[in-house]
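Subject: Structure handover

Hello,

Please find the structure below, followed by notes on what was found in it.

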Amino acid sequence: MRKLSSWFCLLLVIAAQLTALPLYADELAKPLARVELSDGDSFVFLGDSITHQCLYTQYVEDFLYTRMPAMRLKTHNSGVGGAKAWDALERFDADVAAYKPKYVSVLLGMNDGRYQPYDEETFRTYHQDTLKVVQQIQEIGAVPILMTPTMFDSRAARIRMNPNRPHPPERLELYNSVMSYYGAWLREVAVESGHGFVDMFSPLNNITLQERKTDANFTVIADAVHPDAPGQVIMAVAMIEGMGLQGPLSSIRITLPTKGEPKGAATGGKLTELTWEDEKLFFTWTADGLPWVLPQEAQLGAKLTKLGHRFSREALEIHGLPAGKYKLVIDGVEAGTYPAAAFERHIELQENAKTPQYQQALTVANLNKERNDGPVKSMRNEWRVFQGYARTKAELAASPDNQGLQNRVAELASQVEGLGARVKEHEAAAKVIEDKIFEMNQPQPRRFELIPVKD
(Lines give C-alpha, C1' and ligand atoms only; values in the text may rest on other atoms or scores of the structure.)
Protein backbone atom coordinates (compact mmCIF):
# COMPACT_ATOMS: atom_id res chain seq x y z
CA MET A 1 0.00 0.00 0.00
CA ARG A 2 2.87 2.37 0.88
CA LYS A 3 4.44 1.68 -2.55
CA LEU A 4 1.16 2.50 -4.32
CA SER A 5 0.86 5.68 -2.26
CA SER A 6 4.34 6.77 -3.33
CA TRP A 7 3.49 6.21 -6.99
CA PHE A 8 0.26 8.15 -6.56
CA CYS A 9 2.12 11.11 -5.05
CA LEU A 10 4.61 11.02 -7.91
CA LEU A 11 1.77 11.07 -10.44
CA LEU A 12 0.25 14.08 -8.68
CA VAL A 13 3.56 15.94 -8.91
CA ILE A 14 3.92 15.14 -12.63
CA ALA A 15 0.31 16.18 -13.27
CA ALA A 16 0.89 19.49 -11.50
CA GLN A 17 3.96 20.15 -13.63
CA LEU A 18 2.10 19.33 -16.83
CA THR A 19 -0.79 21.64 -15.99
CA ALA A 20 1.74 24.49 -15.61
CA LEU A 21 2.77 24.06 -19.24
CA PRO A 22 0.75 25.46 -22.19
CA LEU A 23 -1.84 22.95 -23.33
CA TYR A 24 -1.91 24.06 -26.94
CA ALA A 25 0.79 25.01 -29.40
CA ASP A 26 -1.00 28.31 -30.03
CA GLU A 27 -0.18 29.35 -26.48
CA LEU A 28 3.57 29.04 -27.06
CA ALA A 29 5.55 32.14 -27.93
CA LYS A 30 6.53 32.50 -31.57
CA PRO A 31 10.00 33.96 -32.21
CA LEU A 32 9.94 37.00 -34.46
CA ALA A 33 9.86 35.82 -38.07
CA ARG A 34 10.20 39.17 -39.81
CA VAL A 35 10.62 42.79 -38.82
CA GLU A 36 7.76 44.95 -40.05
CA LEU A 37 9.02 48.41 -40.91
CA SER A 38 7.03 51.52 -41.81
CA ASP A 39 7.93 55.07 -42.73
CA GLY A 40 9.39 56.86 -39.71
CA ASP A 41 10.23 53.74 -37.71
CA SER A 42 13.37 53.78 -35.59
CA PHE A 43 15.88 50.93 -35.24
CA VAL A 44 18.64 50.92 -32.60
CA PHE A 45 21.79 48.76 -32.76
CA LEU A 46 22.88 48.21 -29.13
CA GLY A 47 26.29 46.69 -28.56
CA ASP A 48 29.97 46.84 -27.70
CA SER A 49 33.09 47.67 -29.76
CA ILE A 50 31.99 45.40 -32.61
CA THR A 51 28.97 47.67 -33.03
CA HIS A 52 31.10 50.76 -32.31
CA GLN A 53 33.11 49.84 -35.44
CA CYS A 54 30.13 51.13 -37.47
CA LEU A 55 30.47 48.42 -40.10
CA TYR A 56 27.80 45.70 -39.90
CA THR A 57 25.39 48.43 -38.84
CA GLN A 58 26.43 50.50 -41.86
CA TYR A 59 25.91 47.58 -44.25
CA VAL A 60 22.46 46.82 -42.82
CA GLU A 61 21.63 50.51 -43.28
CA ASP A 62 22.82 50.24 -46.89
CA PHE A 63 20.34 47.41 -47.41
CA LEU A 64 17.49 49.41 -45.88
CA TYR A 65 18.36 52.54 -47.88
CA THR A 66 18.43 50.68 -51.19
CA ARG A 67 15.71 48.08 -50.64
CA MET A 68 13.19 50.35 -48.92
CA PRO A 69 13.77 53.77 -50.50
CA ALA A 70 10.12 54.82 -50.11
CA MET A 71 10.53 54.79 -46.30
CA ARG A 72 12.41 57.31 -44.24
CA LEU A 73 13.70 54.90 -41.60
CA LYS A 74 15.74 56.09 -38.63
CA THR A 75 18.72 54.09 -37.39
CA HIS A 76 20.89 54.72 -34.36
CA ASN A 77 24.21 53.08 -33.51
CA SER A 78 24.41 52.48 -29.75
CA GLY A 79 27.71 50.59 -29.57
CA VAL A 80 30.56 51.44 -27.19
CA GLY A 81 33.98 49.80 -27.16
CA GLY A 82 34.51 47.51 -24.18
CA ALA A 83 30.84 47.48 -23.20
CA LYS A 84 29.24 44.75 -21.14
CA ALA A 85 25.52 44.35 -20.56
CA TRP A 86 25.88 46.42 -17.36
CA ASP A 87 27.26 49.34 -19.38
CA ALA A 88 24.31 49.17 -21.77
CA LEU A 89 21.98 49.56 -18.80
CA GLU A 90 23.84 52.65 -17.59
CA ARG A 91 23.31 54.56 -20.82
CA PHE A 92 20.01 52.98 -21.85
CA ASP A 93 17.67 55.93 -21.29
CA ALA A 94 19.69 58.50 -23.26
CA ASP A 95 21.30 56.21 -25.84
CA VAL A 96 18.45 53.79 -26.62
CA ALA A 97 15.06 54.82 -25.19
CA ALA A 98 15.42 58.44 -26.30
CA TYR A 99 15.31 57.31 -29.96
CA LYS A 100 11.87 55.68 -29.51
CA PRO A 101 12.86 52.48 -31.34
CA LYS A 102 10.48 49.93 -32.73
CA TYR A 103 13.26 47.32 -32.70
CA VAL A 104 16.50 47.10 -30.71
CA SER A 105 19.16 44.60 -31.74
CA VAL A 106 21.48 43.50 -28.92
CA LEU A 107 25.06 42.37 -29.61
CA LEU A 108 26.83 41.89 -26.27
CA GLY A 109 28.74 39.10 -24.59
CA MET A 110 32.28 39.26 -25.98
CA ASN A 111 33.45 41.39 -23.06
CA ASP A 112 31.00 39.91 -20.55
CA GLY A 113 32.81 36.56 -20.72
CA ARG A 114 36.03 38.28 -19.60
CA TYR A 115 38.19 36.36 -22.10
CA GLN A 116 38.58 33.38 -19.79
CA PRO A 117 37.25 29.81 -19.67
CA TYR A 118 33.63 29.40 -18.65
CA ASP A 119 32.99 30.70 -15.16
CA GLU A 120 29.58 30.29 -13.55
CA GLU A 121 29.64 33.55 -11.60
CA THR A 122 30.70 35.51 -14.70
CA PHE A 123 27.89 33.94 -16.71
CA ARG A 124 25.35 34.68 -13.99
CA THR A 125 26.27 38.35 -14.06
CA TYR A 126 25.89 38.40 -17.87
CA HIS A 127 22.63 36.43 -17.57
CA GLN A 128 21.16 38.84 -15.03
CA ASP A 129 22.23 42.05 -16.77
CA THR A 130 21.19 40.85 -20.24
CA LEU A 131 17.71 39.98 -19.00
CA LYS A 132 17.50 43.48 -17.51
CA VAL A 133 18.44 44.93 -20.90
CA VAL A 134 15.72 42.86 -22.56
CA GLN A 135 13.21 43.95 -19.93
CA GLN A 136 14.02 47.62 -20.45
CA ILE A 137 13.65 47.25 -24.21
CA GLN A 138 10.20 45.76 -23.72
CA GLU A 139 9.22 48.42 -21.18
CA ILE A 140 9.74 51.16 -23.80
CA GLY A 141 7.49 49.26 -26.20
CA ALA A 142 10.26 48.00 -28.49
CA VAL A 143 10.98 44.48 -29.75
CA PRO A 144 14.33 42.97 -28.73
CA ILE A 145 16.38 41.20 -31.40
CA LEU A 146 18.96 39.10 -29.56
CA MET A 147 22.17 38.39 -31.44
CA THR A 148 24.77 35.82 -30.46
CA PRO A 149 28.28 36.99 -29.60
CA THR A 150 30.57 36.75 -32.59
CA MET A 151 33.54 34.42 -33.11
CA PHE A 152 36.73 34.54 -31.05
CA ASP A 153 39.31 33.51 -33.65
CA SER A 154 41.98 31.70 -31.64
CA ARG A 155 44.10 30.94 -34.71
CA ALA A 156 44.24 34.64 -35.60
CA ALA A 157 45.22 35.31 -31.98
CA ARG A 158 48.06 32.80 -32.22
CA ILE A 159 49.29 34.26 -35.51
CA ARG A 160 49.43 37.80 -34.15
CA MET A 161 50.41 36.95 -30.58
CA ASN A 162 53.04 39.16 -29.01
CA PRO A 163 55.61 36.80 -27.43
CA ASN A 164 56.06 39.30 -24.62
CA ARG A 165 52.31 39.30 -23.90
CA PRO A 166 51.05 35.83 -24.80
CA HIS A 167 47.42 34.87 -24.52
CA PRO A 168 46.66 32.40 -21.72
CA PRO A 169 46.45 28.91 -23.30
CA GLU A 170 42.97 28.44 -21.78
CA ARG A 171 41.68 31.50 -23.63
CA LEU A 172 42.96 30.25 -26.96
CA GLU A 173 41.48 26.81 -26.43
CA LEU A 174 38.19 27.62 -24.75
CA TYR A 175 36.95 31.19 -25.27
CA ASN A 176 35.23 30.58 -28.59
CA SER A 177 33.30 27.78 -26.85
CA VAL A 178 32.26 30.24 -24.13
CA MET A 179 30.83 32.53 -26.82
CA SER A 180 29.00 29.55 -28.31
CA TYR A 181 27.43 28.78 -24.92
CA TYR A 182 26.37 32.38 -24.37
CA GLY A 183 24.78 32.40 -27.82
CA ALA A 184 22.93 29.14 -27.21
CA TRP A 185 21.43 30.63 -24.05
CA LEU A 186 20.35 33.76 -25.95
CA ARG A 187 18.64 31.58 -28.53
CA GLU A 188 16.63 29.89 -25.77
CA VAL A 189 15.61 33.29 -24.37
CA ALA A 190 14.51 34.47 -27.81
CA VAL A 191 12.60 31.29 -28.63
CA GLU A 192 10.83 30.99 -25.29
CA SER A 193 9.96 34.69 -25.04
CA GLY A 194 9.12 35.33 -28.69
CA HIS A 195 11.91 37.82 -29.39
CA GLY A 196 13.90 38.26 -32.57
CA PHE A 197 17.08 36.20 -32.92
CA VAL A 198 20.16 36.41 -35.15
CA ASP A 199 22.93 33.83 -35.16
CA MET A 200 26.16 35.77 -35.77
CA PHE A 201 28.39 33.02 -34.37
CA SER A 202 27.75 30.16 -36.80
CA PRO A 203 28.23 31.98 -40.14
CA LEU A 204 31.57 33.46 -39.03
CA ASN A 205 32.84 30.10 -37.77
CA ASN A 206 31.48 28.11 -40.71
CA ILE A 207 32.87 30.39 -43.42
CA THR A 208 36.24 30.55 -41.64
CA LEU A 209 36.40 26.75 -41.44
CA GLN A 210 35.46 26.39 -45.10
CA GLU A 211 38.05 28.90 -46.30
CA ARG A 212 40.82 27.36 -44.16
CA LYS A 213 40.50 24.16 -46.15
CA THR A 214 42.36 26.01 -48.91
CA ASP A 215 44.11 28.78 -46.95
CA ALA A 216 45.25 27.82 -43.45
CA ASN A 217 45.86 31.48 -42.54
CA PHE A 218 42.42 32.72 -43.59
CA THR A 219 40.61 34.98 -41.16
CA VAL A 220 38.04 37.77 -41.20
CA ILE A 221 38.91 38.66 -37.59
CA ALA A 222 42.58 39.60 -37.72
CA ASP A 223 42.78 40.67 -34.05
CA ALA A 224 40.73 37.62 -32.96
CA VAL A 225 37.87 39.77 -31.58
CA HIS A 226 36.77 42.51 -34.01
CA PRO A 227 35.61 41.31 -37.43
CA ASP A 228 37.06 43.38 -40.25
CA ALA A 229 34.94 44.70 -43.13
CA PRO A 230 34.40 41.33 -44.91
CA GLY A 231 33.60 39.69 -41.57
CA GLN A 232 31.10 42.40 -40.79
CA VAL A 233 29.42 41.75 -44.14
CA ILE A 234 28.90 38.17 -42.96
CA MET A 235 27.28 39.65 -39.85
CA ALA A 236 25.09 42.02 -41.86
CA VAL A 237 23.92 39.17 -44.09
CA ALA A 238 23.09 37.09 -41.00
CA MET A 239 21.13 40.02 -39.62
CA ILE A 240 19.12 40.64 -42.79
CA GLU A 241 18.35 36.93 -42.97
CA GLY A 242 17.52 36.67 -39.27
CA MET A 243 15.11 39.61 -39.59
CA GLY A 244 13.33 37.90 -42.49
CA LEU A 245 14.21 40.55 -45.07
CA GLN A 246 16.08 38.38 -47.57
CA GLY A 247 14.86 37.98 -51.12
CA PRO A 248 15.51 39.01 -54.72
CA LEU A 249 15.32 42.63 -55.80
CA SER A 250 13.55 42.26 -59.14
CA SER A 251 12.73 39.97 -62.04
CA ILE A 252 11.84 40.92 -65.62
CA ARG A 253 10.51 38.26 -68.04
CA ILE A 254 9.85 39.15 -71.66
CA THR A 255 8.50 36.90 -74.41
CA LEU A 256 8.92 37.83 -78.07
CA PRO A 257 6.25 36.19 -80.26
CA THR A 258 6.73 35.44 -83.93
CA LYS A 259 3.74 37.69 -84.56
CA GLY A 260 2.10 40.40 -82.52
CA GLU A 261 3.32 42.45 -79.61
CA PRO A 262 5.95 41.35 -77.07
CA LYS A 263 4.68 40.40 -73.65
CA GLY A 264 6.31 41.28 -70.35
CA ALA A 265 5.88 40.31 -66.72
CA ALA A 266 7.86 41.63 -63.79
CA THR A 267 8.20 41.72 -60.03
CA GLY A 268 9.89 44.41 -57.99
CA GLY A 269 9.07 47.31 -60.28
CA LYS A 270 7.10 48.60 -63.26
CA LEU A 271 7.76 47.57 -66.87
CA THR A 272 6.54 50.03 -69.54
CA GLU A 273 7.12 51.11 -73.17
CA LEU A 274 7.98 47.59 -74.31
CA THR A 275 8.67 47.47 -78.06
CA TRP A 276 10.29 44.97 -80.43
CA GLU A 277 11.21 46.13 -83.94
CA ASP A 278 13.98 45.32 -86.41
CA GLU A 279 15.35 42.70 -83.96
CA LYS A 280 15.85 45.44 -81.36
CA LEU A 281 14.15 45.39 -77.99
CA PHE A 282 13.34 48.52 -75.97
CA PHE A 283 11.63 48.98 -72.63
CA THR A 284 11.58 51.24 -69.58
CA TRP A 285 12.06 49.75 -66.15
CA THR A 286 11.35 51.56 -62.88
CA ALA A 287 12.46 49.37 -59.99
CA ASP A 288 11.08 49.55 -56.47
CA GLY A 289 14.60 49.57 -55.06
CA LEU A 290 18.30 49.45 -55.83
CA PRO A 291 20.79 46.59 -55.59
CA TRP A 292 22.54 46.07 -52.24
CA VAL A 293 25.99 47.49 -53.03
CA LEU A 294 28.78 47.84 -50.45
CA PRO A 295 32.01 49.89 -50.33
CA GLN A 296 35.17 48.46 -51.87
CA GLU A 297 36.69 47.18 -48.62
CA ALA A 298 33.63 44.99 -48.04
CA GLN A 299 33.65 43.20 -51.40
CA LEU A 300 35.34 40.01 -50.13
CA GLY A 301 32.50 39.61 -47.65
CA ALA A 302 29.95 40.01 -50.44
CA LYS A 303 31.73 37.26 -52.38
CA LEU A 304 31.97 34.90 -49.38
CA THR A 305 28.24 35.24 -48.65
CA LYS A 306 27.09 35.30 -52.30
CA LEU A 307 25.33 38.47 -51.20
CA GLY A 308 24.27 39.67 -54.65
CA HIS A 309 22.55 36.51 -55.83
CA ARG A 310 20.97 35.66 -52.48
CA PHE A 311 19.83 39.10 -51.34
CA SER A 312 19.76 41.44 -54.32
CA ARG A 313 19.13 39.46 -57.50
CA GLU A 314 18.19 41.54 -60.56
CA ALA A 315 17.15 39.00 -63.19
CA LEU A 316 16.46 39.72 -66.86
CA GLU A 317 14.96 36.86 -68.87
CA ILE A 318 14.06 37.15 -72.56
CA HIS A 319 12.51 34.36 -74.62
CA GLY A 320 12.24 34.21 -78.40
CA LEU A 321 15.39 36.13 -79.34
CA PRO A 322 16.88 35.06 -82.68
CA ALA A 323 20.22 33.32 -82.26
CA GLY A 324 23.22 35.60 -81.94
CA LYS A 325 24.79 38.08 -79.55
CA TYR A 326 23.12 41.17 -78.13
CA LYS A 327 24.47 44.33 -76.57
CA LEU A 328 22.60 45.47 -73.47
CA VAL A 329 22.50 49.24 -73.06
CA ILE A 330 20.92 50.99 -70.05
CA ASP A 331 20.44 54.75 -70.19
CA GLY A 332 23.03 54.91 -72.95
CA VAL A 333 25.61 52.92 -70.94
CA GLU A 334 26.75 49.59 -72.35
CA ALA A 335 26.34 46.97 -69.60
CA GLY A 336 27.65 43.98 -71.58
CA THR A 337 27.21 41.65 -74.52
CA TYR A 338 25.43 38.33 -74.09
CA PRO A 339 24.31 35.46 -76.36
CA ALA A 340 20.60 34.92 -76.86
CA ALA A 341 20.88 31.65 -74.92
CA ALA A 342 22.03 33.58 -71.81
CA PHE A 343 18.90 35.73 -71.90
CA GLU A 344 16.82 32.59 -72.41
CA ARG A 345 18.09 31.30 -69.04
CA HIS A 346 18.32 34.82 -67.50
CA ILE A 347 21.18 37.16 -66.77
CA GLU A 348 21.78 38.83 -63.40
CA LEU A 349 22.66 42.51 -63.18
CA GLN A 350 23.00 43.18 -59.45
CA GLU A 351 26.81 42.93 -59.42
CA ASN A 352 27.38 44.58 -62.79
CA ALA A 353 29.25 47.78 -61.87
CA LYS A 354 28.56 49.26 -65.32
CA THR A 355 24.84 49.65 -64.79
CA PRO A 356 23.46 53.04 -63.71
CA GLN A 357 21.50 51.46 -60.87
CA TYR A 358 24.67 49.84 -59.45
CA GLN A 359 26.51 53.16 -59.58
CA GLN A 360 23.57 54.89 -57.92
CA ALA A 361 23.59 52.32 -55.10
CA LEU A 362 27.37 52.65 -54.76
CA THR A 363 26.97 56.41 -54.30
CA VAL A 364 24.50 55.69 -51.49
CA ALA A 365 26.94 53.24 -49.88
CA ASN A 366 29.83 55.70 -50.08
CA LEU A 367 27.73 58.48 -48.57
CA ASN A 368 26.75 56.18 -45.73
CA LYS A 369 30.39 55.24 -45.21
CA GLU A 370 31.18 58.96 -44.91
CA ARG A 371 28.35 59.33 -42.41
CA ASN A 372 29.52 56.40 -40.27
CA ASP A 373 33.25 57.12 -40.45
CA GLY A 374 32.59 60.74 -39.49
CA PRO A 375 29.79 61.97 -37.23
CA VAL A 376 28.38 58.58 -36.18
CA LYS A 377 31.73 57.28 -34.97
CA SER A 378 32.49 60.62 -33.31
CA MET A 379 29.20 60.33 -31.41
CA ARG A 380 30.09 56.81 -30.27
CA ASN A 381 33.44 58.06 -28.99
CA GLU A 382 31.57 60.54 -26.79
CA TRP A 383 29.69 57.65 -25.20
CA ARG A 384 32.96 55.80 -24.60
CA VAL A 385 33.98 58.62 -22.22
CA PHE A 386 30.62 58.32 -20.46
CA GLN A 387 31.17 54.59 -20.03
CA GLY A 388 34.47 55.21 -18.25
CA TYR A 389 32.75 57.75 -16.03
CA ALA A 390 29.90 55.38 -15.13
CA ARG A 391 32.25 52.54 -14.28
CA THR A 392 34.53 54.70 -12.14
CA LYS A 393 31.54 56.15 -10.32
CA ALA A 394 30.39 52.61 -9.52
CA GLU A 395 33.85 51.77 -8.18
CA LEU A 396 33.74 54.88 -6.02
CA ALA A 397 30.33 53.88 -4.64
CA ALA A 398 31.90 50.62 -3.49
CA SER A 399 34.96 52.44 -2.01
CA PRO A 400 33.74 55.94 -1.11
CA ASP A 401 36.91 56.86 0.81
CA ASN A 402 39.27 56.17 -2.09
CA GLN A 403 40.82 59.55 -2.89
CA GLY A 404 42.23 58.35 -6.22
CA LEU A 405 38.76 57.29 -7.38
CA GLN A 406 37.30 60.57 -6.14
CA ASN A 407 39.79 62.50 -8.26
CA ARG A 408 39.21 60.30 -11.29
CA VAL A 409 35.42 60.68 -11.06
CA ALA A 410 35.78 64.46 -10.87
CA GLU A 411 38.06 64.45 -13.91
CA LEU A 412 35.72 62.26 -15.96
CA ALA A 413 32.69 64.28 -14.84
CA SER A 414 34.25 67.36 -16.40
CA GLN A 415 34.81 65.43 -19.65
CA VAL A 416 31.22 64.17 -19.71
CA GLU A 417 29.80 67.63 -19.09
CA GLY A 418 28.01 68.84 -22.21
CA LEU A 419 27.72 65.29 -23.62
CA GLY A 420 24.10 65.77 -24.68
CA ALA A 421 24.87 68.92 -26.66
CA ARG A 422 27.84 67.30 -28.42
CA VAL A 423 25.78 64.24 -29.30
CA LYS A 424 23.16 66.50 -30.89
CA GLU A 425 25.87 68.23 -32.94
CA HIS A 426 27.10 64.89 -34.27
CA GLU A 427 23.53 63.82 -35.01
CA ALA A 428 22.92 67.04 -36.95
CA ALA A 429 26.08 66.45 -39.00
CA ALA A 430 24.99 62.86 -39.68
CA LYS A 431 21.54 64.03 -40.77
CA VAL A 432 23.04 66.38 -43.38
CA ILE A 433 24.64 63.35 -45.04
CA GLU A 434 21.55 61.24 -44.48
CA ASP A 435 19.42 63.81 -46.31
CA LYS A 436 21.74 63.39 -49.31
CA ILE A 437 21.33 59.62 -49.05
CA PHE A 438 17.54 59.91 -49.21
CA GLU A 439 17.88 62.07 -52.30
CA MET A 440 20.23 59.60 -53.99
CA ASN A 441 18.44 56.35 -53.11
CA GLN A 442 15.28 57.00 -55.12
CA PRO A 443 15.01 54.57 -58.09
CA GLN A 444 14.89 56.22 -61.50
CA PRO A 445 13.19 55.04 -64.72
CA ARG A 446 15.87 53.24 -66.73
CA ARG A 447 15.71 52.86 -70.49
CA PHE A 448 16.86 49.40 -71.63
CA GLU A 449 17.95 48.63 -75.19
CA LEU A 450 18.89 45.25 -76.57
CA ILE A 451 20.74 45.57 -79.86
CA PRO A 452 21.99 42.70 -82.05
CA VAL A 453 25.75 42.57 -82.54
CA LYS A 454 26.77 41.93 -86.12
CA ASP A 455 29.74 39.62 -86.59
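Helices (H or I, at least four residues) and strands (E, at least two) are DSSP runs, numbered from the N terminus.

This is a predicted model, in which local features need pLDDT of at least 70 and side-chain atom pairs count only at pLDDT 80 or more, while totals for chains, interfaces and linings use all residues. Residues are numbered from 1 along each chain as its sequence is written, and side-chain values use heavy atoms, with hydrogens and water left out.

The buried residues of α6 are Thr122, Phe123, Tyr126, His127, Asp129, Thr130, Val133, Val134 and Ile137. Buried means under 20% relative accessible area, exposed over 50%, and partly exposed in between (1.4 Å probe, protein chains only). The cover over these residues includes β1 (42-47), α4 (85-90), α5 (92-95), β3 (103-107), β4 (143-147) and α8 (169-193).

The chain as a whole

The protein chain has 16 helices and 14 strands. Its C-alpha atoms fill a box of roughly 90 × 75 × 45 Å along the principal axes. Of the 455 residues in the chain, 48% are buried. Taking contacts (heavy atoms within 4.5 Å) between residues at least 6 apart in sequence, 77% join residues at least 24 apart.

An open sheet of 4 strands runs in the order β7-β6-β10-β13, with mixed pairing. Strands β7 (263-267) and β13 (347-348) stand at the edges with a single partner strand each, so one side of each has no neighbour in the sheet. Two strands pair if DSSP finds at least two bridges between them. Strand β6 (residues 250-255) is antiparallel to β7 and is joined to β7 by 5 bridges. Arginine 253 has alanine 265, in β7, as its bridge partner.

Pocket and cavities

Both kinds of space are found on a 1 Å grid over the protein atoms alone: a cavity is a set of points where a 1.4 Å probe fits but cannot get out, a pocket is an open set with protein on both sides within 12 Å along at least five of seven lines, and lining residues have an atom within 4 Å of a point. Grid points are joined across faces, edges and corners, and a volume is the space filled by probe spheres set on the points.

The largest pocket has a volume of about 490 Å³. Its lining has 23 residues, and Lys74, Thr75, Tyr99, Glu427 and Glu434 lie nearest its centre. Elements β2, α14 and α16 (419-440) each give two or more residues to this lining, and α16 has the largest share, with 6 residues. By class, the pocket lining divides into 8 nonpolar, 7 polar and 8 charged residues. Here Ala, Val, Leu, Ile, Met, Phe, Trp, Tyr, Cys and Pro count as nonpolar, Asp, Glu, Lys and Arg as charged, and the others, Gly among them, as polar.

The whole structure has 5 cavities of 30 Å³ or more. The largest cavity holds about 70 Å³ of space, and its lining includes Trp285, Glu314, Gln357 and Arg446. At least two lining residues come from each of β9 (280-287) and α14 (356-398). The lining of this cavity has 4 nonpolar, 4 polar and 2 charged residues.

Threonine 75 is in strand β2 (residues 74-79) and counts as buried at 15% relative accessibility. Beyond its neighbours within four places in sequence, threonine 75 is in contact with Phe43, Phe45, Glu61, Leu64 and Arg371. Aspartate 41 is 34 residues from threonine 75 in sequence, and their C-alpha atoms are 8.5 Å apart.

Histidine 195 is in the loop between α8 and β5 (196-198) and is buried, with a relative accessible area of 4%. Leaving out residues up to four places away in sequence, histidine 195 touches residues including Val134, Pro144 and Val189.

Glycine 82 is in the loop between β2 and α4 and is partly exposed, at 27% relative accessible area. Its contacts, neighbours within four places in sequence aside, are Ser49, Asp87, Asn111, Gln387 and Arg391.

Regards
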